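Open the model in your viewer and keep the selection tool ready. This tour goes stop by stop: what to select, then what is there.

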There are 2 protein chains.
Amino acid sequence: MRGVSVHQQTAASPFIRACRRESVPHTPVWFMRQAGRSLPEYHKVREGIPILESCTRPELAAEITMQPVRRHSVDAAIYFSDIVVPLKAIGMDVDIKPGLGPVIAEPIRTRADLARLRDLEPDDVSFVTEAIGLLLGELGATPLIGFAGAPFTLASYLVEGGTSRNHERTKAMMYGDPELWRDLIDRLADITTSFLKVQIEAGASAVQLFDSWVGALAPADYRRHVMPASARVLDAIGGYGVPRIHFGVGTGELLGLMGEAGADVVGVDWRVPLDEAARRVGPGKALQGNLDPSVLFAPSAAVEAKAAEVLEAARASGTGHIFNLGHGVLPSTDPDAITRLVEYVHTSTER
Amino acid sequence: MRGVSVHQQTAASPFIRACRRESVPHTPVWFMRQAGRSLPEYHKVREGIPILESCTRPELAAEITMQPVRRHSVDAAIYFSDIVVPLKAIGMDVDIKPGLGPVIAEPIRTRADLARLRDLEPDDVSFVTEAIGLLLGELGATPLIGFAGAPFTLASYLVEGGTSRNHERTKAMMYGDPELWRDLIDRLADITTSFLKVQIEAGASAVQLFDSWVGALAPADYRRHVMPASARVLDAIGGYGVPRIHFGVGTGELLGLMGEAGADVVGVDWRVPLDEAARRVGPGKALQGNLDPSVLFAPSAAVEAKAAEVLEAARASGTGHIFNLGHGVLPSTDPDAITRLVEYVHTSTER
């Protein structure tokens, strides 16, 4: 396994050390969605290439992954991919429409539909292994974060047929036919597990399990209908020893359960201060977050004041901290504002 | 003031008694968005009439307000209006586009723009007084709830120019030019206050201040940049003695502050169980909510099981409870499912 030697190389990085709640020379920083839509060099290399195709071209995916590392000097790269890539890889008819997001041609709504969700084999995503191979040389001691969508979020796309504001069909299945729901989400847990294993074995030093939409659920429903599947994923990759980050938006009520599901690091959106998040998550886990992405539209002085508040709450939390936004970089963010923010976090936390 | 005699007539209703935390013969029920898009009779009477025009025709607004009361036997009517009606009434160029929501032709972004926000005079909304006059006879002892958008939500529409997912321009103003922000939101507080006063003086027995988008803010920002303006509205109408309901979506972190702002009843979305909400809100306030609107897409048995969970948490909260959804009725909800839910709540809580 190529993974092992890579992990030794990145183990001393501030990012990996912070994930493990070890001392760091400065607070490490990366940004969700740092690779992609906010960067002019991204739009340039992707010109005329549909997004899902760009994910499956190893050289292009590697280049897009590297762009923010070169430009912003962030402490980790996040593998450029999309939440629906593993679904496409097992043969689902899925496309990403600009302004709309993923569109599933034939949604999954009945027990018969489940048969269309076959297991993911490493060969289905050989482009991932290849892209990560290209990346490792250039990244050196900078860790690469692998990523996958969590079972609930994948299920919502599949059941609704695309992005949904209210997830009403998904919830109707969850409440109305809990057995079908459980079989669906367990199958997605297996696909997600296989996809993350490929990334780790290719050399990713950490992974993030993104449950983008799970903040739409009340805690009791999360515990009953979702947490077992997410725990199954996190448990299945536990043996690799790479830090597992678990994140969703609007999950203030779920932070404790998302940690319990088996995360080493819990990502927090900007609505819950990190010291309060630490109380909800409990001991033994690091935190990632949580500057409001909209703050980057304010003047520098205001950005630094808000970043200082995040760092102060992180210090008060008394656990490991990876600085990030509370959600992805917004498309019209000024890239220079991001670069300045990385510098600010690095210099103001130097030990 | 016509208001006074109306208030005597509705004071014994289960809805008003629950708002005041007095004993009730059964748990009262109403639904946000009960009037409007989910009802075929609504689409029929509005055929060919743009929504903002329907709000300004007294007979039509009264008819739409009454439709769910007749069909579902809910315990209160909510005055049919739209959040942007007072902005339109003071001369802003605002339209509601199907599928898009409000669109503001010239957004408010500079100090000079503030001059376009003049005070609201009762004559600007004489159609409201007239519509409520028509309603009172038919409603009898059933209370009418007046409503208005809260200053933050109005500000977001005005600054962004319409519905926004991330409110980045609004937050950039809030963080980058807090004085301009304060002047904007204070002006909106005065407009909202005038609009609610008209409704109460015409005969509304309660009001709901809707802060639809405020869940996008962290508690410290809410306290510093928004709460004073909302408190100004709630305080200014306190003398009427009508219950003041305060609601926003995704406001789990803000429930205590939204109560503190001067609410008699705090509305809760479905993410926080009502007994936990009661702990956050503190004593002396009733609660409204909080069934997930998506639950209504599940079979009846599942709807009743989830409604029973809400009623159980409400009992455990030990305070007054008005049953509602945790957000508005979704457009494609089956009206019969709503009627059955009202019956279920009434019969299962009969004392």
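**Stop 1: a buried histidine**

Select B:His167. At 2% relative accessibility, B:His167 counts as buried, because buried means under 20% relative accessible area, exposed over 50% and partly exposed in between (1.4 Å probe, protein chains only). B:His167 sits in the loop between helix H8 (151–160) and H9 of chain B. Helices (H or I, at least four residues) and strands (E, at least two) are DSSP runs, numbered from the N terminus. Now check the backbone: phi of B:His167 is positive, about 55°, although the residue is not a glycine. Most residues other than glycine have a negative phi, and most peptide bonds are trans.

A word on the ground rules. This is a predicted model, in which local features need pLDDT of at least 70, side-chain atom pairs count only at pLDDT 80 or more, and totals for chains, interfaces and linings use all residues. Residues are numbered from 1 along each chain as its sequence is written, chains are lettered from A and ligands numbered from 1 in the order in which they are written, and side-chain values use heavy atoms, with hydrogens and water left out.

**Stop 2: into helix H9 of chain B**

Move on to B:Thr170. This residue belongs to helix H9 (residues 168–176) of chain B. B:Thr170 is buried, because its relative accessibility is 0%. Show what surrounds it. Not counting residues up to four places away in sequence, B:Thr170 touches B:Phe152, B:Ser156, B:Val159, B:Glu160 and B:Trp181. Contact here means heavy atoms within 4.5 Å.

**Stop 3: the two copies**

Zoom out and color by chain. The same surface serves both: 100% of the contact residues of chain A recur in chain B.

**Stop 4: the interface**

Select the residues of each chain that touch the other. How much area is buried between chain A and chain B? About 2600 Å², of which carbon and sulfur atoms give 52%. Buried area is the accessible area (1.4 Å probe) that two parts lose on being put together, summed over both. Highlight A:Tyr175, A:Glu253 and A:Arg271: they supply 22% of the area that chain A buries against chain B, more than any other three residues.

A salt bridge is a side-chain nitrogen of Lys or Arg within 4 Å of a carboxyl oxygen of Asp or Glu. For one, select B:Glu309 and A:Arg224, whose side chains meet at 3.7 Å, N to O.

**Stop 5**

Pick A:Lys306 in helix H15 of chain A. Is it buried or exposed? A:Lys306 is buried, with a relative accessible area of 10%. Leaving aside neighbours within four places in sequence, A:Lys306 is in contact with A:Leu291 and A:Val295, and also with B:Tyr175, B:Asp221 and B:Arg224.

**Stop 5: an arginine in a strand**

Go to A:Arg244, in strand S6 (residues 244–247) of chain A. A:Arg244 also counts as buried, at 14% relative accessibility. A polar atom of its side chain lies 2.9 Å from the backbone oxygen of A:Leu234. Beyond four places in sequence, the contacts of A:Arg244 include A:Val207, A:Asp235 and A:Asp264.

**Stop 7**

Select A:Gly289 and A:Asn290. The peptide bond between them is cis, with omega near -10°. A:Asn290 is in strand S8 (residues 286–291) of chain A. Switch to chain B: the bond from B:Gly289 to B:Asn290 is cis, with omega near -5°.

Finish at A:Arg21, in the loop between helix H2 (14–19) and helix H3 (40–46) of chain A. Phi of A:Arg21 is near 60°, a positive value in a residue other than glycine. A:Arg21 is partly exposed, with a relative accessible area of 44%.

Notes. A polar contact is a pair of N or O atoms within 3.5 Å; within protein, one must be able to donate a hydrogen and the other to accept it, and residues adjacent in sequence count only if both atoms are side-chain atoms.
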